[in-house]
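Open the structure in your viewer and keep the selection tool at hand. The tour below goes from stop to stop, with something to select at each one.

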Amino acid sequence: MVTREAAADEARGNGGDGDNGGGGNGGGFDFSGKTCVVTGAARGIGLAIARRFAAAAARVVVADVQPPPTPESSGDAGLVFHRADVSDETQVRGLFDFAVDKFGGVDILVNNAGVAVEARLEDTAVADWERVFAVNARGVFLCAKHALRAMNRRGGRRGAERGRAGAGQNRAAEKTAAIINIGSIEARAANPLHAAYAASKGAVHSFTRSVALEYGARGIRCNAVAPGWIDTPFNDAFIARQPDPRGMRAALRGLHPLGRTGAPDDIADVVLWLASDAARFVTGQVVVVDGGRTARLPLPGAEVAATVESPAAEPAATAAER
Ligand SMILES: NC(=O)c1ccc[n+]([C@@H]2O[C@H](COP(=O)([O-])OP(=O)(O)OC[C@H]3O[C@@H](n4cnc5c(N)ncnc54)[C@H](O)[C@@H]3O)[C@@H](O)[C@H]2O)c1
């Protein structure tokens, strides 16, 4: 299936799914029998995550304030949409009641819904600050709180099973559940005009560690993914505002040691790994997925000199002399 994002990546020179680890499939994971709730999944990173889980045989509830593209036009037959504003506890309770009624419980929660406000601090209205925190921080708390109730129905390890398992040796008894929160590299390094957003994502990273400590003994793991620049509608508006959008895209690519900005599937693949049994001993962590952008210490003039060309681009004689 050619996703909307893949087509957009092609247009942006990002290479699309072919460069990103095989889009449109489940990445080799099998989530059959698992129910997954992905918030903010009508588009962008959330939609890519939802599609990846569906391709890996999970039952997926897409929770958003707007509907995703219709199944008829997108081929997303495996996704079930439920309208919910993650900042509203009544709606969040309704979301998890819906998942329990339809699928009997919840095994995986991906807290992805997020919003940003771009303003100088002195121009940031209290209402804007509170809106960003309501979605990005309160929404993560509310969804985790109500997901835990739904996970307890079948996901988390129960006391009796824990006793039988004896220090976790009995894998069969070790039914696990996972919460994955989408944070941001902006919780680690700042962009201008983003104080509210950055602070809210810092809250997400801290919350992740607390949940991991509190629920690890019940077999519920909690991790965060901190994306770097990912090409989604979230960032398209920023690009469109620039006097030279093409130049801005090229400059952005240059910030990344991997030579490109991110695609939604780059995040989705890591989320699926964190939700899978392959990450069974990983909890309380923030996994940065940013193409190496934050690995660099800015040093004026040094970027070009430090770039190592691909061996394929070297003259044959040079390679043979080695
Ligand atoms: N795109 C990036 O470069 C980037 C980088 C770091 C972190 N992130 C984070 O990744 C997540 C997804 O970003 P994206 O780029 O796909 O954004 P996006 O704006 O393209 O999509 C966000 C989705 O969240 C939904 N949403 C907004 N408020 C909601 C609410 N109250 N309740 C339910 N749904 C709501 C929107 O309707 C939309 O479908 C966000 O948490 C964002 O902060 C994105």
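Helices here are DSSP runs of H or I with at least four residues, numbered from the N terminus. The model you are looking at is predicted.

**Stop 1: a residue in a helix**

Select residues 195-215, which form helix H7, and pick out Ala212 within H7. Is Ala212 buried, exposed or partly exposed? A residue is buried if 20 or more other C-beta atoms lie within 10 Å of its own, and exposed if 12 or fewer do. Ala212 has 19 C-beta neighbours inside 10 Å, so Ala212 counts as partly exposed.

Next, show what Ala212 touches: leaving out residues up to four places away in sequence, these are Arg221, Cys222, Thr283 and Gly284. Then select Ala178, which is 34 residues from Ala212 along the chain. The C-alpha atoms of Ala178 and Ala212 are separated by 9.6 Å.

**Stop 2: the sheet**

Colour the strands. Seven of them make an open sheet in the order E3-E2-E1-E4-E5-E6-E7, and the pairing is parallel. Which strands lie at the edges? They are E3 (79-83) and E7 (286-289), each of which pairs on one side only. On average, and with direction ignored, neighbouring strands of this sheet are turned by 20° against each other.

Zoom in on strand E2, residues 59-64, which pairs with E3 in the parallel sense over five bridges. Within this region, select Val60 and its bridge partner in E3, Leu79.

Now bring back H7, which packs on the sheet and touches E5 (177-182), E6 (220-227) and E7. The direction of H7 makes about 165° with that of E6. Helix H10, residues 264-275, packs on the sheet as well, touching E4 (108-111), E5, E6 and E7. For H10, the angle with the direction of E6 is also about 165°.

**Stop 3: the nonpolar core**

The largest nonpolar core has 76 residues, of which Val60, Ala147 and Val271 touch the most other members. H5 gives the largest share of this core, 11 residues. Go back to Val60 and show its contacts beyond four places in sequence, among them Cys36, Val38, Phe53 and Val80.

**Stop 4: around the ligand**

Select the 28 residues around the ligand; Gly40, Gly44, Gly114, Thr232 and Phe234 come nearest. Helices H2 (44-55), H5 (126-152) and H8 (233-240) are the elements that give two or more residues to this shell. Colour the shell by class to find 13 nonpolar, 12 polar and three charged residues.

Notes: Residues are numbered from 1 along each chain as its sequence is written. This is a predicted model: local features need pLDDT of at least 70, side-chain atom pairs count only at pLDDT 80 or more; totals for chains, interfaces and linings use all residues. Two residues are in contact if their C-beta atoms, placed from the backbone, lie within 7 Å. A residue is near a molecule or strand if its C-beta atom, placed from the backbone, lies within 6 Å of it. Ala, Val, Leu, Ile, Met, Phe, Trp, Tyr, Cys and Pro count as nonpolar, Asp, Glu, Lys and Arg as charged, and the others, Gly among them, as polar. A nonpolar core is a set of buried Ala, Val, Leu, Ile, Met, Phe, Trp, Tyr and Cys residues joined through C-beta atoms within 7 Å. Two strands pair if DSSP finds at least two bridges between them. Axes are lines fitted to C-alpha atoms, for helices over the stretch in contact, and angles run from 0 to 180 degrees between N-to-C directions.
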